[in-house]
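Have the viewer open while you read.

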Amino acid sequence: MINTANGMISSTSSSTANVQSPGLKTYFKTPEGRYKLHYEKTHPSGLLHYGHGKTVTQVTLAHLKDKPAPSTPTAPASSFSTSSGVRSAAARLLGAGNGSRALSFVGGNGGSKSLSGSSRIGSLSASSSSNSITNTNFDGKGTYLIFNVGDAIFISDLNSQDKDPIKSIHFSNSNPVCHAFDQDAKDGHDLLIGLISGDVYSVSLRQQLQDVGKKLVGAQHYNKDGSVNNSRCTGIAWVPGAEGAFVVAHADGNLYVYEKNKDGAADSSFPVIKDQTQFSVAHARYSKSNPIARWHICQGSINSIAFSTDGTYLATVGRDGFLRIFDYTKEQLICGGKSYYGALLCCAWSMDAKYILTGGEDDLVQVWSMEDRKVVAWGEGHNSWVSGVAFDSYWSSPNSDGTGETVMYRFGSVGQDTQLLLWDLEMDEIVVPLRRCPPGGSPTYSAGSQSAHWDNVSPLGTLQPAPSMRDVPKISPLVAHRVHTEPLSGLLFTQESVLTVCREGHIKIWMRPGVAESQPSNSETLLSTSLKDKPLLSSKVGSSSYKQ
């Protein structure tokens, strides 16, 4: 059952009218100033189908680049509709009333598409005429939020303050649970979708936005009906820098490598896994096979995967509580370690690939150092499981003088306690104490003398047991703010904002200090460079925006 009042603001575009959740503030303070709730995104709850409770909403940021095609200029994003409260749910999904920047799926691209609007959508909304709305955006650039709720994928225009999605895609036999977007895809297929059934699809986001229907169009289907692996998809990612390659993680501890330019139905068979406890890689026997490789990572589910920015390393976290870091090209386990308690649920890389964040059932945010191959800090502040972590690659310390003497990172975490926590990690304060021998003897997970753990890097391929609580430096959050009424499932940092999403599919966009006031009326360029996986920028970028 969906509680439509959860985390919602009124149907106007006002960013201050959080009337449905009186206990939640519409801002939170940081040393740089206030982050303000700008607007929200959600889904028409009346159109959700069965099985919503089986899935947790995840959100992917997708930036479509300019497509060289003659088209009329896009209207300014400032001309938002205020009539969202009276539109039918069907009309909302068709984009009717999404301001003049609406992506209409009624009459095609200004009449240039050769399909009939009336024949395709008459059963959905009799009031929608094929000549009343034109699709003004899909041939140009745009930034979109892709999120799953129940048996549907929803697509929202991030540059519009309309809270309803502009497109929905429904799946008849299974629910989508994970997705990934590749803005650098050289051909049309740039969006991946993984399902509970294990099935995987690759599609063109632009093609989905052009189509008026509620089904995937032009899709390549992989692992059809679970032919290779019938366990739930738990994570999916494009391999950075490897054109057309992607990986899919499953609930049985296996990860598969695919190539999108090969037939999705090509036969692949792999040998039986001899030892479920050991990492192993098997390659397909035939050159036309897809998937091309199977990585057996662990017993139990892989819960999350993340590539370092350049694609060198792959991190996985799982139900067994271990973080594992692999050299992706060499197919080699580099290092890893166990949570303090319970499963790990999420992981994220810093932009320089020096640090990895993990979060899980021990309510801690763990900071892992690639240089030291061990935990260098624990973040204490959540009151329940940590469900999402991310570095803020667009933030830099306001007092940074560019000398690089002090390296500071800003990162965020969200949890089932409904809180967003922001953290500052100053490495001078964290790493140095960790190198000293702790009082009271050798740490419980040291394999030798006291100094062996702190002063030497652990051997290649070593998975370290859980450290003792006294052995790891603790850090406290800079900000702790209750942002939703439902447990949270993820967060994203963009150049302009922080996005938080709850399990039920409600997304909030919190604008950074100074951004909301100075935002131009034409927000066509809003967040255009803010990509989840590929903001190839140093941590110094944009610092002037946040100084007050």
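How many aromatic pairs does a search of the whole structure find? The search turns up 20 of them. Keep in mind that what you're looking at is a predicted model.

**Aromatic pairs**

Take Tyr 222 and Tyr 258 to begin with: the two form an edge-to-face pair, with 5.5 Å centre to centre and 65° between the planes. Tyr 222 belongs to strand 10 (residues 220-222) and Tyr 258 to strand 13 (residues 254-259), so this pair ties together parts that are 36 residues apart in sequence. Are these two tyrosines buried or exposed? Tyr 222 is buried, and Tyr 258 is too.

Now hop over to Trp 295 and Phe 326. Their ring centres are 5.5 Å apart and the planes sit at 70°, so this pair counts as edge-to-face. Here the tie is between parts 31 residues apart in sequence, because Trp 295 lies in strand 15 (residues 293-296) and Phe 326 in strand 18 (residues 322-327). Both Trp 295 and Phe 326 are buried.

| Pair | Centre to centre | Angle between planes |
|---|---|---|
| Tyr 222 and Tyr 258 | 5.5 Å | 65° |
| Trp 295 and Phe 326 | 5.5 Å | 70° |

**Charges over rings**

Arg 34 lies over the face of Tyr 27, 3.8 Å from the ring centre. Over at Phe 322, the charged end of Lys 338 sits over the ring, at 6.0 Å from its centre.

**Strand 21 and its two partners**

How many of its residues are buried? The count is 6 of 6, so to speak a mostly covered strand. Tyr 355, Leu 357 and Gly 359 point one way from strand 21, while Ile 356, Thr 358 and Gly 360 point the other way, and all are buried.

Strand 21 runs antiparallel to strand 20 (residues 344-349), and 5 bridges join the two. Strands 20 and 21 form a hairpin with 5 residues between them, and Ala 353 in the turn has a positive phi of about 60°.

Then there's strand 22 (residues 364-369), which is antiparallel to strand 21 and joined to it by 5 bridges. Here Ile 356 stands opposite Trp 368 in strand 22. The hairpin of strand 21 and strand 22 has 3 residues between the strands, and Asp 363 takes a positive phi near 65°.

Which order do the strands take in the open sheet of 5 strands? Reading across, the order is 11-12-13-15-14, with antiparallel pairing. Strand 11 (233-238) and strand 14 (280-283) stand at the edges with a single partner strand each, so one side of each is left without a neighbour in the sheet. Neighbouring strands of this sheet are turned by 20° against each other on average, ignoring direction. Inside it, strand 12 (residues 245-250) pairs with strand 13 in the antiparallel sense over 5 bridges, and Ala 249 stands opposite Leu 255 in strand 13. Strand 13 is also where you'll find Tyr 258 from the tyrosine pair.

The open sheet of 4 strands has the order 24-25-26-29, again with antiparallel pairing. Its edge strands are strand 24 (386-391) and strand 29 (479-482), each pairing on one side only. On average, neighbours in this sheet are turned by 20° against each other, direction ignored. Strand 24 pairs with strand 25 (residues 408-415) in the antiparallel sense over 5 bridges; for Val 386, the bridge partner in strand 25 is Gly 415.

**Zooming out**

Finally, the overall numbers. The protein has 7 helices and 32 strands. Of its 548 residues, 57% count as buried. Among contacts between residues at least 6 apart in sequence, 63% join residues at least 24 apart. The protein exposes about 21300 Å², with carbon and sulfur atoms supplying 49% of that.

Definitions and conventions
Residues numbered from 1 in each chain as written. Predicted model: local features only at pLDDT ≥ 70, side-chain atom pairs only at ≥ 80, totals over all residues. Heavy atoms only, no water. Pairing = 2+ DSSP bridges. Axes fitted to C-alpha atoms, helices over the stretch in contact; angles between N-to-C directions. Phe/Tyr/Trp six-rings, centres within 6.5 Å; stacked < 30°, edge-to-face > 60°. Buried < 20%, exposed > 50% of the residue type's maximum accessible area, 1.4 Å probe, protein only. Lys NZ or Arg CZ within 6 Å of the ring centre and 35° of its normal. Contact = heavy atoms within 4.5 Å. Areas by Shrake-Rupley, 256 points an atom, 1.4 Å probe, with all protein chains shown as cover.
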